[in-house]
Amino acid sequence: PLGPSEPRKVVLLEPFVHQVGGHMSMMKYDEHTVCKPLVSQEQWFYESLPLAMRQFTPQYKGVISVHLKKDSLGNLNLIASPGLQTEALLDTIHESSVTLWHKWATGSERALVKWSHAQLTKTLKDSCPGKMLLRTDLQYCTDSLLEDANGNQPERKSYNPWGLHCHRQHLNRMSSKYNENKLHQFLLLENVVSKYSYPCILDLKMGTRQHGDDASEEKKARHIKKCEQSTSASLGVRICGMQVYQAETGHFLCKDKYYGRKLTPEGFRQSLRQFLCNGNHLRTDLLEPIVLQLKALLSVIRKQSSYRFYSSSLLIIYDGLENKENAAPLDNHPQGPFQKTNCTALHGAGHSKVDVRMIDFAHTTFKGSKSNHTTYDGPDHGYIFGLENLIKILQNISEGK
């Protein structure tokens, strides 16, 4: 919270470039915080979160107001004003406060490094012509930044095209629906990948059922069909998106939800293996820590009576940048250079940092959640089924099956 003497500042929201799944635009608020449009059911979930689940969810950081603003070039930007207390704002949302807010916005915007969606898209297009627009394209757009003052090429950053696709859609939806003065509420959440140099992320849609209690008949039928035609029905889990850092090329390999929906159970198993493969070898060092965290999560979920995590995702995250002791040089391997891509298992010492986090609770229901829905008994068996299968498959990979 800002002290009384501090000037109000505004924050220009940027797309969150590590969004691999979902359809809501995630925005980057600052290095350690992302934000997304507020859905009251999700806010209520975070505010009454069982203590045992905290280590498996992003930290909830409150609510901010956001509005749409066109810059002088006609680009749409989302501007957040963290100093404004949402509740107070809603009580006094007279013209005067909105005009005042615009004054702050325009004043401090000049101090911001101008960032616009159009500029970023152009940079991406220039650096990988024609590829940006392919939804399931495997290559990994790289932003070839200009040289810095000493003429060095700064570290190249890869962007997963999925987040930009969501962002563009979201801005277009907002601009056609609302005028610029309209305030939108966004949830602030911990950026769970900020501590990773090259975040490798697997987004898994969990459970055998995806539709919320509030779904229309048409939506319900659509979701049931997606589950039946994917591994959701058979395994209780399906891939919703992923990005895997490839050590050789310095790019991320990206897959989206359309790819994940088409997988057979065997294809799902292979993709899980691919998620743990950096192009040179299988990161076997990650298997045990991932399985341990999934087992810990499983025991927590088994104890949560009345919770149903419909349409919720589970993120598995690790760093594409390896601990040196885990990566033995490839030259020592007898198979020669030709089979590099087969991802042979390397057994390294040391334990690698991994994160397992549940996200997306807009359709989560539980006893005491404010929405008018069915109250369920016992734990979420569809979710448990998915976790058990995930653990089993990872254990098989670990045993070299």
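Helix 9 (residues 265-275) has Gly267, Phe268, Arg269, Ser271, Leu272 and Phe275 as its buried residues. Buried here means under 20% relative accessible area, while exposed means over 50% and partly exposed lies in between, with a 1.4 Å probe and protein chains only. Helices (H or I, at least four residues) and strands (E, at least two) are DSSP runs, numbered from the N terminus. What do the buried residues of helix 9 pack against? Their partners are strand 10, helix 7 (231-235), strand 11, helix 8 (257-261), strand 15 (313-319) and helix 11 (381-398).

Before we go on, keep in mind that this is a predicted model, in which local features need pLDDT of at least 70 and side-chain atom pairs count only at pLDDT 80 or more, whereas totals for chains, interfaces and linings use all residues. Residues are numbered from 1 along each chain as its sequence is written, and side-chain values use heavy atoms, with hydrogens and water left out.

Now look at helix 11, where you will find Gln395. At 27% relative accessibility, Gln395 counts as partly exposed. Leaving aside neighbours within four places in sequence, Gln395 is in contact (heavy atoms within 4.5 Å) with Val291 and Lys295. Gln395 and Val291 are 104 residues apart in sequence, yet 7.5 Å apart in space, C-alpha to C-alpha.

Next comes the interior. In soluble globular proteins, nonpolar side chains tend to be buried together. A nonpolar core is a set of buried Ala, Val, Leu, Ile, Met, Phe, Trp, Tyr and Cys residues joined through side-chain atoms within 4.5 Å. Which members of the largest nonpolar core touch the most other members? Among its 67 residues, they are Leu204 and Leu314. This core lies between domain 1 (8-86 + 161-192) and domain 2 (195-322 + 350-400), because both give residues to it; the domain bounds come from an automatic or database domain assignment. Apart from this core lies another, of 15 residues, including Val11, Ile64, Leu76 and Leu188.

Let's turn to the aromatic rings. Rings of Phe, Tyr and Trp (its six-membered ring) pair if their centres lie within 6.5 Å; planes under 30 degrees apart count as stacked, over 60 as edge-to-face and the rest as tilted. By this rule there are 17 aromatic pairs. Tyr198 and Tyr245 are stacked, because their ring centres are 4.1 Å apart and their planes are at 20°. This pair links distant parts of the chain, 47 residues apart: Tyr198 is in the loop between strand 9 (184-190) and strand 10 (199-206), and Tyr245 is in strand 11 (residues 237-246). Both of these tyrosines are buried. Another stacked pair is Tyr307 and Phe309, at 5.6 Å centre to centre with 15° between the planes. Tyr307 is buried at 7% relative accessibility, and Phe309 is buried at 1%.

Rings can also have charges over them: NZ of Lys or CZ of Arg must be within 6 Å of the ring centre and within 35 degrees of the ring normal. The charged end of Arg209 sits over the ring of Tyr310, 3.8 Å from its centre, and Lys255 lies over the face of Tyr259, 4.4 Å from the ring centre.

Finally, visit strand 3 and strand 4 (residues 33-37), which pair antiparallel over 3 bridges; two strands pair if DSSP finds at least two bridges between them. They form a hairpin with 2 residues between them.
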